[in-house]
Every structure is written in structure tokens, then in C-alpha cells.
Amino acid sequence: MSSAEPTPGHLVWRLAMKWRTAVDRALGPLGLTHAQYVVLSSLVALDRPSQRELADHTGLEPLYVSKLARSLEAAGFITRTRDTVDTRTMRLLLTPHGRSTVEPAMAVVRALLDRLLEPLGDRTSAFSDELRELLAVPLD
């Protein structure tokens, strides 16, 4: 690899930035940021996760998830309730307002992802498998 050729790390960074920017632009008219979308769309799939479980699922820092959860609760998108067994744990749930906001956002992001992955065609599934493999590599 010549010094003028970007490294795989640089390419991953550029793709992540391209995706984040595109999602932020696409969700702007719906009043959501990419980070808010990640939390809300994850709550569609997860059953009353703790903030820690949501952080693990999304890859976001637990402190950031806590901050996002408080702001999303204040905006009426989610509810946060104490766990009945461990009262230090907060459980998260979409409100009807949160669900009615995130469902159209999910359609927008799905269409955006289809456009991004279109050049891969039949290789999309293999690409996803390789991404999962890389994400599973522990770096700690």
C-alpha cells in the first residue's frame, strides 16, 4: 500500500462520517439527530432495556445514553422507570409519541441505507457478515 493510498482505518472512518452526516441530514426535517434516532429505533426492537443494555446494544457510551435518555424523556419520546429488582437501574420504553416519530424515521433511514449499499448488489450480505466479524474483535 503506497503512502498516498488510504488505510482501511481511514476508509472506515470516512464511511462512518459519510453515513452519520447523511442520516443527520435525512432526519433533520423530522426533528431528530442521528444519536436520538439510534436510541429510539433500538427501543423498537428491545424490550424495556436498561440504559446499560441500550449502551451495549448501540455502542454508545453509557454516560451519553443516560444524557440522551433524559432529554428524550423530557421531549416525551420515552419513559424511564426504575427497575423493580435493582432500583439503581433505569428501564426505557418508547411512548406513543416516540413510536409515531421513530417509525417514519426508520423508513427514511432504511431508504438511505438501500441507496448507500446499492453499488454492492449481491455482495451486501457478505459485506454485512464481514462488518459483524470486525465488530466482534475485542480491542480492550
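Colleague: What should I know about the model before reading values from it?
Modeller: In this predicted model, local features need pLDDT of at least 70 and side-chain atom pairs count only at pLDDT 80 or more, while totals for chains, interfaces and linings use all residues. Residues are numbered from 1 along each chain as its sequence is written, and side-chain values use heavy atoms, with hydrogens and water left out.

Colleague: Why does the span of helix α5 agree with its 22 residues?
Modeller: Helices here are DSSP runs (H or I, at least four residues), numbered from the N terminus. The expected span is 1.5 Å times one less than the number of residues. For α5, residues 96-117, that should give 32 Å, and the end C-alpha atoms are 31 Å apart, so the two agree.

Colleague: Why is D83 called buried?
Modeller: Buried means under 20% relative accessible area (over 50% is exposed, in between is partly exposed; 1.4 Å probe, protein chains only). D83 has 14%, so D83 is buried.

Colleague: What makes the pair D83 and R91 a polar contact?
Modeller: The term requires N or O atoms within 3.5 Å; within protein, one must be able to donate a hydrogen and the other to accept it, and residues adjacent in sequence count only if both atoms are side-chain atoms. The side chains of D83 and R91 are joined at 2.8 Å. A polar side-chain atom of D83 also lies 2.9 Å from the backbone nitrogen of D86.

Colleague: Where is D83 placed?
Modeller: D83 is in the loop between β1 (78-82) and β2.

Notes:
Helices (H or I, at least four residues) and strands (E, at least two) are DSSP runs, numbered from the N terminus.
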